[in-house]
Amino acid sequence: MRHLMSPLDFSVEELEQLMNLANDIERNPKKYAHACDGKILATLFYEPSTRTRLSFESAMIRLGGKCLGFASADNSSAAKGESVSDTIRIVSCYADICAMRHPKEGAPLVASLVSGIPVINAGDGGHQHPTQTLTDLLTIHSMKGRLNNLTIGLCGDLKFGRTVHSLISALVRYEGIRFVLISPDELRVPDYIRNDVLKANHVEFEEVTKLEDALPNLDLLYMTRVQKERFFNEEDYVRMKDFYILDKSKMDLAKPDMLVLHPLPRVNEISVEVDNDPRAAYFKQAQYGVYARMALILTLLGIEVQ
Ligand code: CP
């Protein structure tokens, strides 16, 4: 039995297979419409979500399966003090595979140690968000045609933004990747990402504060929101929240084929006037999230469709 805790749980070759499968699902949805007949996905979300939970459920339903679960800890026996380990033991009796989001870093890993079914980390605190990374890689691969030789700007809350941590960890395995890390001083990437991931893999990167200076050189700009829920006080959040706003005038500084990605939800960091720019790929990215999760469910359940 296989779980997904980090994007590194898949080799580069396995990721390639997963993306090929996702592309085939996009092209031939009918072929996969009954692949998961009789299977059940549990979505155990201890933290709010729109895209991740609903795209997982959409993915399972599009594969012919069914879904059950809870959308907040308050609506589960966690509110009565039940542990994650006990919960997953029980859910293993009710479902065939599970996606779990939890505010505590490592909670899905703890669950996976006693689970009778595959557990997918759907976001754990400020740590990792591997299925967002599968979505991001699929989007870049499909829209740029490659995952190598790219200059990638990551902008915003690089400290608490788990999507950024997972994406950097996954992309350092490809040739010719160069990162420009754009953040205020207080929201720079954690030391373990800088030292154990970037420096340890000899990946070229620079850390800057001004988005305008970085924009002309980027092949891809990955915007993130400031993670309000991870701040210890409101005052710091309010000071940081509008540090970056990507608008039409800033887009004029970028290459004509630079893609703008964002895991969403957005708050103010991308002005709505950018939405109609052909380089704005964040809504298409959310759509790729369904194909990526369909491919992941099939892979973890060991289901092959001929
Ligand atoms: N991208 C993402 O994780 O969105 P949700 O928080 O809505 O799931």
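Here, two residues are in contact when heavy atoms of theirs lie within 4.5 Å. With that in mind, welcome to a short tour of this predicted model.

**View 1. The whole protein and its make-up.** Let us start with the overall picture. The secondary structure comes to 11 helices and 9 strands. The radius of gyration is 19 Å, close to the 19 Å that the globule rule gives for 306 residues, so the protein is as compact as a globular protein of that length. Taken along the principal axes, the C-alpha atoms fill a box of roughly 55 × 45 × 40 Å.

**View 2. Two domains side by side in the assignment.** Domain 1 is made of two stretches, 7-128 and 289-301, while domain 2 covers 130-285. Between the C-alpha centres of domain 1 and domain 2 there are 25 Å.

**View 3. Where the two domains touch.** How many residues of domain 1 are in contact with domain 2? There are 30 of them, and they meet 26 residues of domain 2. Together the domains bury about 2300 Å² between them, with 58% of that area on carbon and sulfur atoms.

View 4. Between domain 1 and domain 2 the count is 2 salt bridges. The side chains of E47 and R162 also deserve a look: they meet in a salt bridge, at 3.2 Å from N to O.

**View 5. The face of domain 1 that touches domain 2.** Which of them gives the most? That is α1, with 8 residues. Sorted by class, this side of domain 1 has 13 nonpolar, 10 polar and 7 charged residues.

View 6. Most peptide bonds are trans. The one from L264 to P265, however, is cis, and its omega is near 5°. To find the spot, follow the chain into the loop between β9 (259-261) and α11, where P265 lies.

**View 7. A positive phi at N149.** Most residues other than glycine have a negative phi. N149 is not a glycine, yet its phi is positive, at about 50°. Where does N149 lie? Look in the loop between α5 (130-144) and β5 (150-155).

Conventions: Residues numbered from 1 in each chain as written. Predicted model: local features only at pLDDT ≥ 70, side-chain atom pairs only at ≥ 80, totals over all residues. Heavy atoms only, no water. Domains from an automatic or database assignment. Buried area = accessible area lost by both parts, 1.4 Å probe. Salt bridge = Lys/Arg side-chain N within 4 Å of Asp/Glu carboxyl O. Helix = DSSP H or I, 4+ residues; strand = E, 2+ residues; numbered from the N terminus. Nonpolar A, V, L, I, M, F, W, Y, C, P; charged D, E, K, R; others polar. Rg over C-alpha atoms; globule rule 2.2 N^0.38 Å.
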